[in-house]
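Hi,

Here is the structure I promised to pass on. Have a look at it first, and my notes on what turned up follow below.

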Amino acid sequence: METIHEKNVPALQDQAQTHSRLPGALQHEERQGHPAPPPCQGPQTLRHLGFPKAFHLVRRREFLACYEQGRRLHSKGFILFVLQRPAPPEHWRVGLAVSKKTGHAVLRNRVKRLLREFFRLHGPEIPGGIDIVAVPKKHLDAAGLTLDILTRDLEPVISKLKASPEPASRRADS
């Protein structure tokens with residue numbers, strides 16, 4: 001007596017199939033790879049989609065040096081602390097100091113993402129060999145902040161950096 005399941009089984013089964021989830025025709029095909037990107041030309045700039053670690057300020061002492069010795073550039077919603085590095089100028093670095101005064105974690109992360117994107121897009125305009133710490137002001141509307149608003153706010157500050165790439169250090173006794 002045949003069961004219902006045996007009626008649906010085909011008479012000839014493919015014996016070459018080793019795994020039930022992989023069809024036999026695809027076992028020997030190789031995946032097509034993507035073509036290699038063209039080699040980079042010229043100096044290193046931020047033209048790719050990432051924001052490499054070389055362009056980040058990461059250590060507390062680097063932030064403190066910008067706060068204490070750098071000059072302050074103000075915009076409507078941000079303060080930029082800019083410090084000329086003593087080493088030969090290679091590229092600029094940026095640090096983001098977004099405190100809880102800006103809002104809850106989602107808003108703070110949004111502000112940081114927008115700032116990173118602004119600096120990535122405007123990287124070629126920023127002179128090399130400087131450290132920048134961007135601090136949002138307390139009254140900044142983080143929920144309504146867009147890249148367009150941020151760009152209109154910070155472009156004049158970047159123009160000041162291009163006009164005078166070597167910021168004068170603040171005196172410690174003042």
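Let me begin with the pocket. Keep in mind that this is a predicted model. The largest pocket is lined by Lys 76, Gly 77, Phe 78, His 139, Leu 140, Asp 141, Gly 144, Leu 145, Ile 149, Leu 150, Arg 152 and Asp 153. Its volume is about 190 Å³, and the lining splits into 5 nonpolar, 3 polar and 4 charged residues. Which element gives the largest share of that lining? That would be α4, with 4 residues.

So α4 got a closer look. This helix covers residues 147-163, 17 residues in all, and spans 24 Å from first C-alpha to last, close to the 24 Å expected. There is a bend in α4 of about 35° at Leu 154, with Pro 156 following within four residues.

Leu 150 and Asp 153 belong to the pocket lining, and both are also among the buried residues of α4. A helix has 3.6 residues a turn, so residues three or four places apart point the same way. The cover over the buried residues of α4 includes β1 (71-74), β2 (78-84), α3 (105-121) and β4 (130-136).

For the overall picture, the protein has 4 helices and 4 strands, in the order α-α-β-β-β-α-β-α from the N terminus. Of its 174 residues, 34% count as buried. Among contacts with a separation of 6 or more, 80% are between residues 24 or more positions apart.

Cheers

Key
Residues are numbered from 1 along each chain as its sequence is written. This is a predicted model: local features need pLDDT of at least 70, side-chain atom pairs count only at pLDDT 80 or more; totals for chains, interfaces and linings use all residues. Side-chain values use heavy atoms; hydrogens and water are left out. Helices (H or I, at least four residues) and strands (E, at least two) are DSSP runs, numbered from the N terminus. The expected span of a helix is 1.5 Å times one less than its number of residues. The bend at a residue is the angle between axes fitted to the seven residues ending there and the seven starting there. Buried means under 20% relative accessible area, exposed over 50%, partly exposed in between (1.4 Å probe, protein chains only). Contact means heavy atoms within 4.5 Å. On a 1 Å grid over the protein atoms alone, a cavity is a set of points where a 1.4 Å probe fits but cannot get out, and a pocket is an open set with protein on both sides within 12 Å along at least five of seven lines; lining residues have an atom within 4 Å of a point. Grid points are joined across faces, edges and corners, and a volume is the space filled by probe spheres set on the points. Ala, Val, Leu, Ile, Met, Phe, Trp, Tyr, Cys and Pro count as nonpolar, Asp, Glu, Lys and Arg as charged, and the others, Gly among them, as polar.
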